[in-house]
Amino acid sequence: MTFGEQPAYLRVASDLREKIVNGSLPPHTRLPSQARIREEYGVSDTVALEARKVLMAEGLVEGRSGSGTYVRERPVPRRIARSGFRPESGAGPFRQEQTAEGARGTWESRSEQEAAPPEIAERLGIEPGDRVMRTRYVFRDAGEPMMLSTSWEALAITGRTPVMLPEEGPLGGCGVVERMAAIDVVVDNVAEQVGARPGLAEELLALGGVPGHVVMVIERTYYASGRPVETADVVVPADRYRIAYHLPVR
């Protein structure tokens with residue numbers, strides 16, 4: 001077998017990856033043993049081990065105690081719709097977008113006051129240590145955890161108002177645009193940045209992921225006349241979901 005100039009362990013991993021992708025090694029098939037890889041590719045035990053580690057880090061294979069390493073079932077990615085502002089119908093974006101996609105979405109949340117960490121203070125245009133309302137969400141589709149979200153709102157804006165708690169009160173569960181409008185704050189812009197990184201241990205535990213799996217992170221901020229009024233981090237498993245944007249042409 002002729003290879004290019006990549007390090008040997010990457011060349012072996014690349015060939016095994018291709019076999020997994022094209023179905024030569026289907027899901028639940030045991031990966032060739034270290035000795036078999038050594039023989040087939042003419043490499044050392046160290047190279048064979050490192051190649052297996054690469055595939056495991058990519059989430060393509062998984063170890064089973066006392067049994068070996070097996071090809072993982074590859075989930076078919078599902079869509080999470082993102083479409084900016086939603087009509088003022090009393091529901092937030094997640095609820096409306098899940099309805100539009102025909103998903104059976106449920107969620108749970110918890111709100112707590114805290115001192116704004118430096119990064120969040122910068123995003124909200126406030127001083128570090130200023131009081132904010134932090135709300136953590138777990139969103140589920142048919143019972144399966146699909147998305148995490150943590151939002152922050154400056155209590156200098158929402159404190160002692162009916163919308164101080166995003167999921168409680170007369171507008172509990174409504175979107176940011178509608179809640180802010182109720183206290184005469186007109187949201188006129190929203191910005192999102194999408195990135196990717198390895199999931200944190202607590203995120204992967206909540207999402208049912210495997211250590212080393214990559215997550216997509218949407219950093220979202222709502223603005224009213226240039227002033228940030230809410231910012232959030234939305235975390236989505238990259239192997240199970242794709243983020244689809246539907247943006248109006250102006």
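Modeller: Start with helix 1 (residues 8-22) and helix 2 (residues 34-41). In this predicted model, the two pack at an angle of about 105°. Their axes lie 12 Å apart. An angle from 65 to 115 degrees counts as roughly perpendicular. Helix 1 and helix 2 are therefore roughly perpendicular to each other. Now look at who makes the contact. Helix 1 brings Val 12, Asp 15, Leu 16 and Lys 19. Helix 2 answers with Ile 37, Glu 40 and Tyr 41. Sort the residues of this contact by class: four are nonpolar, three are charged and none is polar.

Stay on helix 2 and turn to helix 3 (residues 45-57). Helix 2 packs against helix 3 at an angle of about 110°. Here the axes are 9 Å apart. That angle makes helix 2 roughly perpendicular to helix 3. The crossing of these two helices is right-handed. On the helix 2 side, find Gln 34, Ile 37 and Arg 38. They meet Asp 45, Ala 48, Leu 49 and Arg 52 of helix 3. By class, the contact of helix 2 with helix 3 has three nonpolar residues, three charged ones and one polar one. Keep an eye on Ile 37. It takes part in the contact with helix 1, and it also meets helix 3.

Six strands form an open sheet in the order 4-5-6-9-8-7. The pairing is antiparallel. Strand 4 (105-115) and strand 7 (189-198) are the edges, and each pairs on one side only. Neighbouring strands in this sheet are turned by 15° against each other on average, direction ignored. Follow the edge at strand 7. Strand 7 runs antiparallel to strand 8 (residues 214-224), and 10 bridges join them.

Ser 151 lies in strand 6 (residues 144-154). Its relative accessible area is 4%. The cut-off for buried is under 20%, so Ser 151 counts as buried.

Note on methods: Residues are numbered from 1 along each chain as its sequence is written. This is a predicted model: local features need pLDDT of at least 70, side-chain atom pairs count only at pLDDT 80 or more; totals for chains, interfaces and linings use all residues. Side-chain values use heavy atoms; hydrogens and water are left out. Axes are lines fitted to C-alpha atoms, for helices over the stretch in contact, and angles run from 0 to 180 degrees between N-to-C directions. Helices (H or I, at least four residues) and strands (E, at least two) are DSSP runs, numbered from the N terminus. Angles under 35 degrees count as roughly parallel, over 145 as roughly antiparallel, 65 to 115 as roughly perpendicular and the rest as oblique. Contact means heavy atoms within 4.5 Å. Ala, Val, Leu, Ile, Met, Phe, Trp, Tyr, Cys and Pro count as nonpolar, Asp, Glu, Lys and Arg as charged, and the others, Gly among them, as polar. Two strands pair if DSSP finds at least two bridges between them. Buried means under 20% relative accessible area, exposed over 50%, partly exposed in between (1.4 Å probe, protein chains only). A crossing is left-handed if the near helix is turned anticlockwise from the far one by less than a right angle, and right-handed if clockwise.
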